[in-house]
Amino acid sequence: MAMDFERPGDFLFLGTVDVVWQYDANTTLTVQGIFEGPDQQINLGYPIMGNDYSVTFETASLPGLTNGMPLTVDGAAYIVRDVAALGDDVFSKATLKKL
């Protein structure tokens, strides 16, 4: 069975957005990321609704980003719940909790 990805607006992710992270007291990093929202629907013969926010980014662009750190995505504040490397570690995905 092939997987169908459906979402209002006909696409899976919400788009490329600015991701802002306070790296240290003197450095704020702003990078581009792919933001995904909780209203996605994955059809595997029955609908499964996601309930997490997440952002995918180039791993090297946010060095040291870990769980519990604050992050701003597209102007909204989030806390990082989990960070996982994707594939060969060039990209990572952070699961977020909206504040």
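## Salt bridges

The structure, a predicted model, holds two salt bridges. One of them joins the side chains of Lys93 and Glu36, with an N to O distance of 3.1 Å. Lys93 belongs to strand β9 and Glu36 to strand β3, so this pair links distant parts of the chain, 57 residues apart.

Asp52 sits in the loop between β5 (47-49) and β6, and Arg81 sits in strand β8, so the pair ties together parts that are 29 residues apart in sequence. Asp52 is partly exposed, with a relative accessible area of 32%. Arg81 is partly exposed as well, at 45%.

## Overall fold

The protein chain has nine strands and zero helices. Read along the sequence, the pattern is β-β-β-β-β-β-β-β-β. Of the 99 residues in the protein chain, 28% count as buried.

Among contacts in the protein chain with a separation of 6 or more, 41% are between residues 24 or more positions apart. The protein chain exposes about 6,100 Å², and carbon and sulfur atoms supply 55% of that area.

In soluble globular proteins, nonpolar side chains tend to be buried together. The largest nonpolar core here has 16 residues, and Val19, Leu65, Leu71, Val73 and Leu96 touch the most other members. At least two residues of this core come from each of β2 (15-24), β3 (27-36), β6 (53-58), β7 (70-73), β8 (76-86) and β9 (91-98).

Leu65 can be followed in more detail. Not counting residues up to four places away in sequence, Leu65 touches Trp21, Phe57, Leu71, Val80, Val83 and Ala94.

## Ser92 in strand β9

Ser92 lies in strand β9. Its relative accessible area is 4%, which is under the 20% limit, so Ser92 counts as buried. The side chain of Ser92 makes a polar contact with the side chain of Thr59, at 2.7 Å.

With residues up to four places away in sequence not counted, Ser92 touches Val55, Thr56, Phe57 and Thr59, and also Val83, Ala84, Ala85 and Leu86.

## Met69 and its surroundings

Met69 is found in the loop between β6 and β7. At 24% relative accessibility, Met69 counts as partly exposed. Leaving aside neighbours within four places in sequence, Met69 is in contact with Trp21, Gly64, Tyr78, Ile79 and Val80. Trp21 and Val80 are also among the residues that Leu65 touches.

Met69 and Asp82 are 13 residues apart in sequence, and their C-alpha atoms are 9.7 Å apart in space.

## Nonpolar surface patch

Leu86, Val90 and Phe91 make a nonpolar surface patch of about 240 Å². Leu86 has its place in strand β8 and is partly exposed, with 33% relative accessibility. Leu86 is also one of the residues touched by Ser92, which is itself buried.

Definitions and conventions. Residues are numbered from 1 along each chain as its sequence is written. This is a predicted model: local features need pLDDT of at least 70, side-chain atom pairs count only at pLDDT 80 or more; totals for chains, interfaces and linings use all residues. Side-chain values use heavy atoms; hydrogens and water are left out. A nonpolar core is a set of buried Ala, Val, Leu, Ile, Met, Phe, Trp, Tyr and Cys residues joined through side-chain atoms within 4.5 Å. Buried means under 20% relative accessible area, exposed over 50%, partly exposed in between (1.4 Å probe, protein chains only). Helices (H or I, at least four residues) and strands (E, at least two) are DSSP runs, numbered from the N terminus. Contact means heavy atoms within 4.5 Å. A polar contact is a pair of N or O atoms within 3.5 Å; within protein, one must be able to donate a hydrogen and the other to accept it, and residues adjacent in sequence count only if both atoms are side-chain atoms. A salt bridge is a side-chain nitrogen of Lys or Arg within 4 Å of a carboxyl oxygen of Asp or Glu. Patches are made of residues with over 30% relative accessible area and no salt bridge: like charges are joined within 9 Å, nonpolar side chains (Val, Leu, Ile, Met, Phe, Trp, Tyr) within 5 Å. Accessible areas come from the Shrake-Rupley method with a 1.4 Å probe; for residues, only the protein chains shown count as cover.
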